[in-house]
Structures are given as C-alpha cells and as structure tokens.
Number of protein chains: 4
Amino acid sequence: MSLNSFGHLFRVTTWGESHGPALGATVDGCPPGVPLTEADIQPWMDARKPGQNKYTTQRQEADQVEILSGTYEGKTTGTPIQLMIRNTDQRSKDYGEIARKFRPGHADITYWQKYGIRDPRGGGRSSARETAARVAAGAVARAALASLAPGLTIRGAMVQMGPHGIDRAAFDWAEVPRNPFWCPDPAAAAAWAGELDALRKSGNSVGAVIEVQASGTPAGLGAPVYGKLDTDLAAAMMSINAVKGVEIGAGFAAATLTGTENADEITMGPDGPVFSSNHAGGILGGISTGQDLVVRFAVKPTSSILAPRKSITLTGEETEIVTKGRHDPCVGIRAVPVGEAMMACVILDHLLLDRGQTGGVRGPIG
Amino acid sequence: MSLNSFGHLFRVTTWGESHGPALGATVDGCPPGVPLTEADIQPWMDARKPGQNKYTTQRQEADQVEILSGTYEGKTTGTPIQLMIRNTDQRSKDYGEIARKFRPGHADITYWQKYGIRDPRGGGRSSARETAARVAAGAVARAALASLAPGLTIRGAMVQMGPHGIDRAAFDWAEVPRNPFWCPDPAAAAAWAGELDALRKSGNSVGAVIEVQASGTPAGLGAPVYGKLDTDLAAAMMSINAVKGVEIGAGFAAATLTGTENADEITMGPDGPVFSSNHAGGILGGISTGQDLVVRFAVKPTSSILAPRKSITLTGEETEIVTKGRHDPCVGIRAVPVGEAMMACVILDHLLLDRGQTGGVRGPIG
Amino acid sequence: MSLNSFGHLFRVTTWGESHGPALGATVDGCPPGVPLTEADIQPWMDARKPGQNKYTTQRQEADQVEILSGTYEGKTTGTPIQLMIRNTDQRSKDYGEIARKFRPGHADITYWQKYGIRDPRGGGRSSARETAARVAAGAVARAALASLAPGLTIRGAMVQMGPHGIDRAAFDWAEVPRNPFWCPDPAAAAAWAGELDALRKSGNSVGAVIEVQASGTPAGLGAPVYGKLDTDLAAAMMSINAVKGVEIGAGFAAATLTGTENADEITMGPDGPVFSSNHAGGILGGISTGQDLVVRFAVKPTSSILAPRKSITLTGEETEIVTKGRHDPCVGIRAVPVGEAMMACVILDHLLLDRGQTGGVRGPIG
Amino acid sequence: MSLNSFGHLFRVTTWGESHGPALGATVDGCPPGVPLTEADIQPWMDARKPGQNKYTTQRQEADQVEILSGTYEGKTTGTPIQLMIRNTDQRSKDYGEIARKFRPGHADITYWQKYGIRDPRGGGRSSARETAARVAAGAVARAALASLAPGLTIRGAMVQMGPHGIDRAAFDWAEVPRNPFWCPDPAAAAAWAGELDALRKSGNSVGAVIEVQASGTPAGLGAPVYGKLDTDLAAAMMSINAVKGVEIGAGFAAATLTGTENADEITMGPDGPVFSSNHAGGILGGISTGQDLVVRFAVKPTSSILAPRKSITLTGEETEIVTKGRHDPCVGIRAVPVGEAMMACVILDHLLLDRGQTGGVRGPIG
C-alpha cells in the first residue's frame, strides 16, 4: 500500500479529483482471460451513483466507465486495465470561500498543511467521488473471482444509522436492495427514513455502520503477521473516506467476552471442518477458515452541514462556515458498494498471493 | 505490507517461531546517526516480557536483544539493523496432542490448511511471542523519533477489560505503570484484579481494549487514499495477534453522532490551529492535524483455556481439547507495549515518507 | 518494480496498448508545488514522436498529452498525475495473419504462451509505443528536478549504430539535435545516414548503443545492496523495449582493466572531492559520487523486417513471415529520449528516497 | 526492490557488515513444504567461500549457515527463513587509516557523504562479504526450484579475465569445477593462472566477465514493461558488488547486428517451438521463451591494490593510499556462485509471480 495504490498482486491505483476532467483506476495484475466489458462494471457503478434518491447527494453523474486498456475482444489480457470515469456535473461555482476557509472535519486543512497547495473544488482528491474508481476496480475483481472462487458471494448492508441498529434476528439479505439504505431489516429501514428526512431537512447528517460479508471464501487465504487477511481488510476499509473504525467478526464485542464464550468450536461436517459459531469472522491467525468473512466499519457523519461551525481562514482569522452544496445526509449509504468493492479486491489479491506462494496446496483434514 | 514486512521506508520484517532458536526483526531504512545500543531497546522489551506478574504467562524469557548489524560505535549507519532475541524457555514438552488436534480460536487449522505443514511447538509463527520482535523494532523507531519529532510522546493504556471500561474522568497517565494492567484508572485496576484472579484460577480468559495515543505528532503526516495515516495505523494494529477491531478517534461512536456533534471546530491559537475537540483522533483525510493521534484496538480473549472445547483431529475425528500450558488470562495486557511499538513504527515511517515526497514543506496558516 | 510500475517513491505505472483508444502513465508520489502543464511535457513527447524523418516509423501520432489529474492552477498537488495520450493512427488493417503467426524476435509467442490471450494489433502492450508514456512521466520528473536539483542536466545520445561507433574525441553535445540520429559526432552521423538508407530500402534494420549522462547529480543518491542507484538504472534501461544490455561508466570495458588502470583517483577541489577519471560512471557502492552519471544501453535491431523469416502458426504449422508495416529501421534512435526519461525518473526517485531516509544529511569533507 | 530487499514474492533482505558479529538473509515468501536443512545450503556457501586457493582473499571464514526460523522437521513452513552466518575472522586490526582516508574505487566516500557515518571495518556493509548472504538465499531458492521446475539447471562460469576471453568452441561445463576460475575452457584457465599469479604478486587486480545460464526454464515467466524477467535479472546482477554491466543473450553484440542476423527463427519441434538460435537469451518482451536464459555481467577489478593511489582524507587533505589486507586479485572469481544465486532467486520469484497471476495457464501451440 503506497500512497494511492492498494494490493500486492492485484494492484489498484486510483487517481483523479472531484472536479477535474476525469478520475479512474489503474488496475495491474489482473489474471488474463477474464470476460470483462464496460457492461460488467456499470451495474456496480450505478449502485454507488449519487442522486438516486433523496437520501444521497443530488450531484448528477452518469459515472460511465470506459475501459481504455487491458482487454481484447472482451477479455482481460493480463496487462494493466485503465478504467476512466469522466466528471460531467462539476457545477460552475465560486470556490473562493472554500479556498480561503478550512471546513471542519474535512481534509482542507491537512492537505494545505502537508502540501502547501490544494484543489478546493469539491474537495479535490479527498472527495468521496474517489470511491467511484474503487467500485470500478472492485467490479474487475468480481469478474476475476467469478471463475477463481465460483461459490463466492460478497454482500454489504447498512446495519446501523446513527444510534439505531437493526434487529439481527430480522436480518434478510433479500431486503437490502428494496430500500434506499441497503438495510437488511425492513422495520429499521422504515424508521431510518423518517429520521433521515428530518436530518436532511435540517441540514444535518448522521453516521452509520456498514457490514460486508463474503460467503464461500476458500480456506487458506492470508498470511502470517503483516500479510494477514484481516490486516488488509482493515486497511482497505479504513482507507475509505470518512471511515473511523473497522472490526472483524465479533470485533469490539470480543473484548467483552471470556475465552469460553468466544471459542468457535470445531466439528467435522460432510465437506470438512464446521464451526459452531463465527466470532472469528472467518479468519484465524490472519488466514481464512472457510467461514463467512465478516467485516464492519463505522462511517462518520458527513462533515458538510448547514449548521454554522467555527473555523479559521488561510490568514488565520476566526470565522464561521456553513457548507452549502449537494451533500449526503448519511454518506454511509453510498459506502456499502464501496465496502463490497474493497472486499472483492482484497480477496482476489489474496487468492493470487496464495496460489503464488503455495500453489494452492492444502493440508488435508480427515 | 507484504507477508512478514511492514512499512514503506522504515521497513520492519519480523521472523521466528515461538520455540525455534531465536526470533527477531530486520529493520531496513532507519535514518543514519541515531544513537542506538541494546540498552535503548531493552527497557521496552522488559515492559512486554512475560512472567512479570500473575496476570501474564509464566513463561520465563530474558528477551535479551542483540543488535547484529546496522550500528557503529553506538549509532545507526543507515544499513539494516538485525535485532535477534534468543528463545531460552522452550520447555521440553510433548507437542504430540497439539500436533494432532486443532485448538479452537488458534491458527492451527488455518496454517495447516494453507501450508500443509505447521510448527506446532507453542503455536510456531502464530505465537504472541512474535510481538517481542515488534517491540524491539518499535524501540528503534522511538530512538529515531527522539530527534525527528522531539515533542512526540507515545503512550498506551488498557481502557477496558472484558465488559468493564474505565472512568474516562479518572484517566491519569501516571497511574498506568503503577498497576499490572497498564490501567489509567486506579479504581478500575483494583476491580479488574479481582476479576482476573477469578478468571485465571478457573482457567478462563477475557478480552480487552487498548488505547494508544501519540501527542506531539507533527501535522502533515499521511497521504491520500491508500497511504492514509489511519489506514496504516489500522493495518498495524490489526496485524497484532488476537486483535479483532481498530478505531481512530471517536471510532465506532462516530457512527452514532450527527454532523453537528461530530465536528471538531477550529479556532486560532498562539501556535496555529486549535481544535475544540478530537473526534477525528488527530487525522483528517488520512493526514495528521497535529492533535493527539488516538487509536484503540480490541483484543479477543486468549483462546488457550482450561475448559474443554470441541474440536477435530488431523484425521477428521471429533474430540475435545483443553489447552494446558503457560498462557495469559488477558493477553490484552501485554498488547499495550506492542501497540505503542506499532504506533512508533507507523509515525516514523510516515515522517520519512512525508519528508521524502514533500521535503517537509508546510502550507502556512496566519 | 511490480509488473507495470517503476520506482519507489516517485512511482510510474504505464498502461495501454498500441492500438487501443489511449495509453498513458499514472504518476504517484510527485512532490507538490511543481509547475506543470501540458506545455512542459509536450516538447519531450515531440522528441520521441514517430514519423519525423525517414529513419523512423511513418506512423503518424500527434502524441498529445492530456493531464487528467494531479495539478491545480498549473502546479502539482502531490496527488496522482494521470497522463493520457490518445492513439490516433491505428490504421485499419487486417491483423489476421499476425494473430495466427508468431513474428520472430517479437513478444507474440511469449505473451501467447504466458497469458493464453494476446492483443495482436500492433504488438499490443509490447509495442514500442508504450515508451511514449515513459517520456511523459519523465517530463514530470524533469519538472520536479528543476527545483530539487537545479544544476542537473540529463542528456542522451546515440553513440553506436550497428558496428559503427563514434569518435569519442569528436563528442559534442551541441551536435546531437542537429542530426536525425541524436549523434554527437557529425562525421559519424553523416556515415550512418547512408548506411541506414540502404538498410531501410532493403527492409532490414540495425541495432544501436545509446548513452545517457546526467551531470550535476548530487552526491549521496542511492542505497546499499539492492537499492543501488546503478541497480535501478540498470532495471530502468533494461525495461525499455528491445534493450539487451546496460553498463555504467566503463562498463564491460572495466572487465578488461587492472585495478591500477581502473582507479578513479581523488583529489581536493575548491568545492569538494575531484576525481581524476570516471570509470565508475558516477557511482560507488551504489551511491552517487557527484560525478556525471554515465549509462549506456544496447538496443537490438527491430525485429520487423521485410526478409522472410521462418516461424510457426498457432496450430504449430511451419510458415514464413514478412513483417510489413510502418517500422523503424533503427529503433535505437527513438530510444534516446526514452533513456533520458528513465534516467530522470530514477534520479528523482532516489532524491526523494534519500531525503526520506537521511533528510539530506551529508558527511562533511574538509 | 527497496534498499536491502530484493524480489516480489520470494523476497530476500540481506543484512550485516563485514566485521560485525554476523550477517545473513531474511527470506520471506518461500513456498511451504520444501525440504531444507543447513546441509542443503552449505555446499553453495563453500563454493563462494574465501581462502580456498591463492587466487582469492586469504580471509578464513567457515561461512557456516544457521537456519534460525522458517523450517520444521527439515521442511520449510512458508514463514520467514532467517539465515545467519557468523563472522569469525574479523582480524584485529587498526582501521584508523581507512577511517580517515577514502579508498579510491570503494564506497568509503559515498557512504560517508550520504550517511555522515560509516563502518570502516572491512568496508562495512559495502564489503563483498555481503554476497555470502545472497548465496545462502540462492540455495533456498534452488531447493524450492527443485520441485517447482524439475528440469532447471543453473550454471555459471567465468568467460573472460581482463582482456582474455575464452574460446567459445571449447566451452565445456564439465571443466568449470576443475580449475580455480570456474573457467569452461581449460586452455584459457591455464593461461589465466599465470597472468593472475603475476598480478597477485604485484599487488594488482583485474576485471572479469561472468556468464550464468539457466537451462530448462519454463516458458512464460516474466511480465510486460517493468516486471520483465530481463529487467529483474539486470537489477539482480547489477546489485552485486563491483558489477558494472549486464547483458542478456547477444547483449551489446546485438547492437552490431542487422535484423536478419539477429532473428531467432522458429520451427516446430516434437515438444513445441524450437528456435534456430538464441540471440534473445531466452527472453522476448520480458517473458521467457523456454530457451536457455543467458546473462553475462562485467566485474571491475578489485579496487584494493598495493599500488599507491591518490586520495583525500576526511579533513580534505590530499594523501596517498595503499590498500593492504586480504583481498581478491580477481573478485570476479567469487562472483560466479553469487550470480548463480541471484539467477535462482529471480527465477523462483517469477515462477511464483506467474502462478499467482496466471495460475500457470499456458496458450497452446499446435
């Protein structure tokens, strides 16, 4: 992981700013022979696309992906895949105030301090718009995984909005696409709708928790110590804009448990080991067990709000700032497809790493 | 981050198994001219060392570091520093049962599945003993930071044991070294003592939450997107044995807040920007603000417990397993110095990365 | 260096095929605040551009660079710079024969064997057209070097065409842009012209040796063992299409010398150490001495020739192949700006690495 | 490749100085299940070991390797392998003069300039003694290659000493171990013996060219652009002490050829493609063809000579220096096993990379 690149063998470098001509992802190390056209990527882009309902920013972007390289006759060739997404709705606007003041909770002040220069238009590189490139790269990863890990399913859901969690007993993946929150619990979704309407109207915002699961992950992915699967998943999720926490399996709740409670006991099933529970989130010692991978991450509330907040100017004067514009009252919603995309990239990367080092050898049990 | 290496420019590779002749860390990229002898490293080793009180494993290891390379006349030369720690208390023991059975919650089964071979003696590479090498590397990072970031202080504490948190109002760093839990709240420490005694006697274990803070961190460390300071901190902490969650600043609690609540307002102080609060944990857009860096991580309860747990054998037969041996009832305790060491490594690495790319240019404010 | 990326901190990933819609370079890690517009890059593109005289391929490409990201108001921001060059002259053509037969000396057969799929149009990824992206990236490196190493001059020349070397006594940098061969010896250039005319008309080709020098390189760039400056220069040059050999300073001739002959003696000049000669090519122990960096590389003759050559088809049948098309009789000519570009990238990368690790500390002499 | 590490998946980090307590290699990413004990490594160490005849330095080192980690019951476990070699013959000596003066042709001056500190004892990190660690790592690579590429044979030879080449027609691999020069031509070896005797007695030294071949290399190893097999081979060889040039196949001679002469024509043999010649050195477009890999590198004459040479002191005074001590009159001799070791590491690394990305898919021919 090196500034703007992620992954060891399946290596994604995103580039581009919110209001530049385009942004995208340079994807290196994809296996050859993977069927891939723009049509395979677009549905995932559409899922993340802004402006689809009143709960996400009203910026209108087609988010149309163009594949500029790396495929031939609809298949990957093993060479770098350049995925470009043009920015079309960079509304003409005076960025003077944003250029002169630092918005609290934004990267304005740190980019300025670090680089001595920053692109103030729409947050520049620190815009959540960068995540469009991740979703495009994730779609490539999914395409490769389709043949490499045929039974694999990667799914994300929003499991908490502000202080309001879901009822885990009501968790139903089929509900997820039926509401604007990717919420697996219809009752929670209904409650959230009212809540978020009120926040949106008052120009406020709220945080969220996203859960991403991968079922059908082969056992044996990951590596000891620093190449752990959970290490890379944590890095992948924490690298998403506005994420402030990541947990695997029982996560922070594991801290509250005793060893007897936390143990996932093992029995023998018809196809190999079976675990009585999944506190581990599918990972032991950094290596996948074959259980569902379970990752959750916390997204902070959007910092762009209508309530005036104290800040300072470039010249060090104290001021107040109100962030007008087209923003997300709960940016966590659009983080769901992003989290899925990162999960797909990490799993593919570790599949390639594993077959690189071990050749796919597996210790037999039974 | 690549299997057993961590860091971009300050690059640490740990090696070694619990019961091999030695383990250690190969540290590449350390700045030259840093005063460094074994005496600078040993105190940090001693802090992590097992067997210091009844709450940690009774394994007796001197954990004596030897510097095999990379220094001359007590200073680093800029070449790789090899830190070796001999294993001295690999108690002669029959590992036959552990070799034939998979301990629930341990990496036994995943190492076996992945590699088709594993070193069963004391957990081999997956042993928490590997963290001794991290602490040694962290001590090197601290030595370099002493001149590069003179005001920097890195401190860790255990802030939760099982379900029992501390009283944040009673937080006192001075208390931390006064109790065997690195607990900043003396009342909590007293309560934990009784609790952990009971757990230890019953052969059970419990999880914990560790908090690491770095005050005096310069603004401007980190990079956008994948080279974020919080991304690397998350990876660093998640890579520690038994860690299941990581959060920065308000962390998962940020998900429960509104934008107005979460905003860290900015005013102008005598030495530059001052923030009204630190929900961000000292990082905005992946780059340090100059506030305290605040990271917490959740450690699961030790999986080695006396209560029998269901498991399977190599040949797929169902069995029960009781993990006898010298284990930690709350392995979180010894994770405190490890978390500090990882924080030191990440900060030094990002200091070097930052001055590499930007040369230390800083955008002026005021 | 990882498949399609080059460099440690200043990291260039090239992408794109000869006949796809576009190709380019993703440049990560550039220092911020560097003045950079398309106009700074274009002159270097024009120097490499095909079709400028009868000695290079007649493919007509504007090689117009577009900066898609990473700059703001004409300066780099420290974020990834995406450089895109559209392909405009992908002549409509039947690639059926090339798709079915393997051209000797080309990457057709190895791409096919490795990936099981290849883009046959113009050589796809293995086309020398990829070097346009390197030249663009090199121009960014030069822009950054202008302020970081103000006295630095990077210059390349063709010093041998086929068996015909230049007269080193006649070496004159001012001659280089005056002939179509970047030849520093006007007499040699005149002789080569006749020779290459004959080869071109007969549909044959010839190899060449290119020399690149960097004067004004600061002392202290490079690192021991694997991060050597010469290691990275060797890799950089060998990675250019058709290059079969690289040497530093005296290079292969050093093998013929005795220790007394090869020693570059040191005396003290007004500004520091002065060397009596430069057999070392400006590098000792992998680290720059402050003398001119001198690198030479050998370019094989273009494999696309009109003389029929034996080959086989996809189905394993023996056949003959004649490579018609718009090719370079001496592809070495266009390698000159490419070698310069790689030199610029390596020097910048090592400048950043050095100030990252050492902060620019220098041991005083005198 | 990053300061002291080499390789992508099979990653070797060497550490240690000439006169420290030990030196070694940290080897990460080795496949699991490879039979490996010290006895598999020692023969290769012995081949490089100094003091075996009058043509190499009289330093007496046992060069005994200890495996400190990464194996269990004689097999690799997939975790880092630490290879330690103790320094035993660091002759007590006054290094004062070397510490105050810079030896021409040595890294003394550049280490000093870069780091502001250097270990003057025996050259410290820049000593050729570092190559012992490479040979150890190469032996691990060979052990892994034994099962991964069963028909592979890696062999090196000295093909030129000073200006005296061998008679290629007399090339006989069986001769190589029969003379102290690893020379494949017995007549040349006999001539060299007299020549080198004279040089040695006069305290002078001479350069050499080493050739390393790998027969039985599978087709399809390598990757386009920067991950080329020849790029990594060039880097690997250039990183060896005293190497000033590297070439693949016809190498610099390819520059003198026409396209018709240089073409390796392809016909169909019983087992696949057969090439009429091997100007390419077994690599096309950066990817192996299945032919013999052929690499040559030029080694400069040892800079440690008895003839007085002009130099300067730390304080900038002019002086003369004579390098007494136990040095190699032709350090190229001991570079032969080192070149073989680097070749083994590169091939294994690319085998792992290739099966990582492609899974070993191969495009069928015929």
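This is a predicted model: local features need pLDDT of at least 70, side-chain atom pairs count only at pLDDT 80 or more; totals for chains, interfaces and linings use all residues.
**Entry 1: chains B and C**

I looked for salt bridges between chain B and chain C and found zero. A salt bridge here is a side-chain nitrogen of Lys or Arg within 4 Å of a carboxyl oxygen of Asp or Glu. I then noted how chain B is made up where it touches chain C: eight nonpolar, seven polar and one charged residues. For these classes, Ala, Val, Leu, Ile, Met, Phe, Trp, Tyr, Cys and Pro count as nonpolar, Asp, Glu, Lys and Arg as charged, and the others, Gly among them, as polar.

Residues are numbered from 1 along each chain as its sequence is written, chains are lettered from A and ligands numbered from 1 in the order in which they are written, and side-chain values use heavy atoms, with hydrogens and water left out.

How many residue pairs are in polar contact across the interface of chain B and chain C? I read nine, both residues of each pair being at pLDDT 80 or more. A polar contact is a pair of N or O atoms within 3.5 Å; within protein, one must be able to donate a hydrogen and the other to accept it, and residues adjacent in sequence count only if both atoms are side-chain atoms.

Chain B gives 16 residues to the contact and chain C gives 16 residues. Contact means heavy atoms within 4.5 Å. The two chains bury about 1,100 Å² between them, with 60% of it on carbon and sulfur atoms. Within chain B, Arg355(B), Gly356(B) and Gln357(B) lose the most area to chain C, together 46% of what that side buries. Buried area is the accessible area (1.4 Å probe) that two parts lose on being put together, summed over both.

**Entry 2: chains A and B**

Next I turned to chain A and chain B. They bury about 9,000 Å² between them, 63% of it on carbon and sulfur atoms. On the chain A side, Lys114(A), Tyr226(A) and Lys244(A) lose the most area to chain B, together 10% of what that side buries. The contact takes 114 residues from chain A and 114 residues from chain B.

I found four salt bridges across this interface. Lys114(A) pairs with Asp354(B) in a salt bridge, with the closest N and O atoms 2.6 Å apart. Helix H3 (residues 108-115) of chain A gives the most to the side that touches chain B, with seven residues. Helices (H or I, at least four residues) and strands (E, at least two) are DSSP runs, numbered from the N terminus. I also counted 52 residue pairs in polar contact across the interface, both at pLDDT 80 or more.

**Entry 3: helix H3 of chain B**

Is helix H3 of chain B mostly covered or mostly uncovered? Mostly covered: eight of its eight residues are buried. Buried means under 20% relative accessible area, exposed over 50%, partly exposed in between (1.4 Å probe, protein chains only). Among the buried residues are Trp112(B) and Tyr115(B). I traced what they pack against: in chain A, strands S12 (266-269), S13 (272-275), S14 (283-284) and S15 (287-288) and helix H8 (332-358), and in chain B, strand S17 (309-312). Gly116(B) follows H3(B), and its phi is positive, near 70°.

**Entry 4: two residues of chain A**

Asn4(A) sits in the segment before strand S1 (5-6) of chain A. At 1% relative accessibility, Asn4(A) is buried. Its side chain makes a polar contact with the side chain of Arg125(A), at 3.0 Å. Not counting residues up to four places away in sequence, Asn4(A) touches residues including Pro224(B), Asp28(C) and Pro80(C).

Glu247(A) is part of strand S11 (residues 243-248) of chain A. Glu247(A) is buried too, at 9% relative accessibility. Its side chain reaches the backbone nitrogen of Phe252(A) at 2.8 Å. The side chain of Glu247(A) also makes a polar contact with that of Arg296(A), at 2.8 Å. I noted that the C-alpha atoms of Glu247(A) and Phe297(A) are separated by 6.4 Å, though the residues are 50 apart along the chain.

**Entry 5: cysteines**

I found zero disulfides over all chains. A disulfide is a pair of cysteine sulfur atoms within 2.5 Å. Cys30(C) is buried, with a relative accessible area of 0%.
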